[in-house]
Amino acid sequence: MHEMKRTATCGELDAAAAGTQVTLNGWVARIRDHGGITFLDLRDRYGLTQVVFDVSGEAQDALAAAVGGLKLEYCVAVQGTVRRRPPDMVNPELATGAIEVAGEQLVVLSTCATLPFMVSDQAGAHTEAREELRLKHRYLDLRSATMQRNLALRHHAAQAMREALNSCRFLEIETPTLMRSTPEGARDFVVPSRLNPGSFYALPQSPQILKQLLMLSGCDRYYQLARCYRDEDARGDRQPEFTQLDFEMTFVDQDDVLEVLEAAFAAAFRDGIGHELPLPFPRIPFHDAMNRYGSDRPDLRFELELRDFTELARAGDFGIFKKAAERGDTVKALRAPGLAGYSRRQVEELEEHAKTYGAAGLAWMKCGADGLESGVSRFYQAQQAEIYRALDAEPGDLLLLVAAPWRTACTALGAVRTELARREGLAAAGVFKPCFVTDFPLFAWNEEEQRWDAEHHMFSNPQAQYLDSLEQDPAAVRGELYDAVINGVELASGSIRIHDPALQRRVFAILGVSEEEAAQRFGFMLDAFRYGPPPHGGAAIGFDRTVMLMAGEATIRDVIAFPKNTWAASPMDNSPARLDTHQLAELHLQVRPTADS
């Protein structure tokens with residue numbers, strides 16, 4: 001180690017340290033030359049300390065030369081004496097704002113090339129550089145106060161969740177990242193085996209099968225912060241590799257699993273950002289969540305509940321809605337309090353938003369001083385009193401309506417609800433409203449392929465009251481399925497699992513998975529389940545999303561140290577990259593040229 005090894009960090013000194021000699025190590029965050037007096041902000045992971053160099057005298061020539069040669073992001077060691085700042089110079093927003101260090105020695109530990117962007121020292125703010133540049137020079141971006149805060153938050157959240165599960169007698173057990181390919185919805189990442197030519201491992205999309213085998217093995221309660229891998233199309237906020245807090249328990253019911261989820265989230269929010277989540281989380285059945293909020297991940301920070309308008313539409317004179325009601329579609333209404341002043345253009349923008357979620361259009365009316373007006377109001381003059389009563393409408397409100405099959409109507413108007421909240425600033429930052437959504441359908445109809453898919457996954461248990469009618473009416477079957485949602489973001493998902501091999505075969509059959517295909521894909525699991533599997537259930541917490549929500553970030557890329565970009569590539573190390581011919585030969589692989597290669 002160099003001779004000026006640090007004796008204090010840049011975030012720990014306060015007025016009590018005045019008069020002491022210290023050595024600080026860190027990076028130059030800011031330089032201010034005041035003619036003989038140079039102010040230097042020195043930064044490390046722990047904070048920022050102001051260092052003052054008085055180099056006005058001739059005896060200070062060597063020090064003046066060293067200080068004068070400094071540039072931003074030089075890595076330096078500084079030795080000096082801690083002193084109180086004058087009262088009018090105290091910075092209350094800085095942990096070290098009551099002191100400064102009178103610099104006496106300076107050693108440059110390493111220099112810095114011309115910066116591709118400025119490193120931000122303002123917590124909660126990112127550099128103005130475009131994200132691709134930040135990812136290319138991620139090591140610089142990670143020096144920023146925001147990214148340092150986010151990495152620390154991630155650490156504290158992980159430790160808090162671990163401790164919450166430890167206190168409930170869970171064991172942390174690692175599962176392999178090289179295993180057999182068992183497709184779970186997305187494509188697998190595959191790894192060629194050098195020792196077994198022509199054979200491949202897969203990187204797990206989740207530890208789902210392995211954690212169920214651990215339950216069969218008698219481990220009783222398992223968890224891990226698991227790395228998961230999914231080769232999905234590049235879109236949205238997805239990452240090809242991500243982290244989930246995965247846990248599984250034996251001899252439990254849904255209530256037991258939800259209590260563990262509550263404990264894990266409460267601990268993470270408490271230790272991570274000092275926020276107490278309200279316990280217990282409210283529980284909302286899937287059908288109610290869709291009916292009231294138009295989403296199975298409802299944001300409860302604002303009201304704006306959807307109402308049913310079908311019978312009012314049936315009685316009204318608006319032909320489109322009347323026909324929709326008569327053919328069995330649903331008409332949903334959303335009351336937007338105080339927004340009758342919205343212009344036609346603003347309403348049309350909301351209509352375009354609804355259309356992207358499957359709606360054919362968005363009808364509207366305004367509640368004026370003398371009753372309904374504008375939009376489709378002329379078709380409902382006779383029902384005015386009834387509409388006001390059914391929707392709790394008041395003068396000054398805007399009423400928005402969608403007609404479509406039930407799920408489409410709910411989803412489209414739910415999207416409008418969320419968009420209205422965004423425009424009007426109804427979803428307050430720093431407020432966290434959790435809930436559990438329960439009683440999901442076990443099966444979802446795949447219109448494109450004309451078959452049933454699993455709503456969550458094919459190992460989820462149907463609720464007991466549907467066991468006799470499973471094959472006769474799959475659409476009606478509800479599963480022992482649950483999601484944890486905070487502020488409209490799904491943060492965890494889980495279920496009670498099927499432990500009866502005969503029931504598993506029935507579910508496979510409904511999903512169109514033949515016995516031969518099941519044996520090929522899940523044979524080792526099905527074989528294991530012949531040997532006394534216990535009832536079990538669990539969940540997986542999307543850890544990256546959880547930290548993103550706590551940090552107030554808009555993307556999970558800002559809470560992951562080295563993420564991929566939206567095209568699943570790393571600008572920093574230029575991965576993925578081609579292998580050379582020697583590596584390919586060792587792996588018994590040959591790359592076929594493509595049209596654009």
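This is a predicted model: local features need pLDDT of at least 70, side-chain atom pairs count only at pLDDT 80 or more; totals for chains, interfaces and linings use all residues.

Author: Apart from neighbours within four places in sequence, K433 is in contact with L300, R301, V485, I486 and N487.

Reader: What makes these residues contacts of K433?

Author: Contact means heavy atoms within 4.5 Å. L300, R301, V485, I486 and N487 are listed as contacts of K433, so each has heavy atoms within 4.5 Å of that residue.

Reader: Where is K433 found?

Author: K433 is in the loop between α12 (406-424) and β17 (434-438).

Reader: Why is strand β2 called mostly covered?

Author: Strand β2 covers residues 37-44, and seven of its eight residues are buried. Buried means under 20% relative accessible area, so seven of the eight residues fall under that limit.

Reader: How do you know that β1 and β2 pair?

Author: Two strands pair if there are at least two bridges between them. Strand β1 (residues 21-33) and β2 have six bridges, in the antiparallel sense, so they meet the cut-off. One of the bridges joins R30 to D41 in β2.

Reader: What makes β2 and β3 a pair?

Author: β2 and strand β3 (residues 47-54) have eight antiparallel bridges. The cut-off is at least two, so they pair. In β3, V51 is the bridge partner of L40.

Conventions: Residues are numbered from 1 along each chain as its sequence is written. Side-chain values use heavy atoms; hydrogens and water are left out. Helices (H or I, at least four residues) and strands (E, at least two) are DSSP runs, numbered from the N terminus. Buried means under 20% relative accessible area, exposed over 50%, partly exposed in between (1.4 Å probe, protein chains only).
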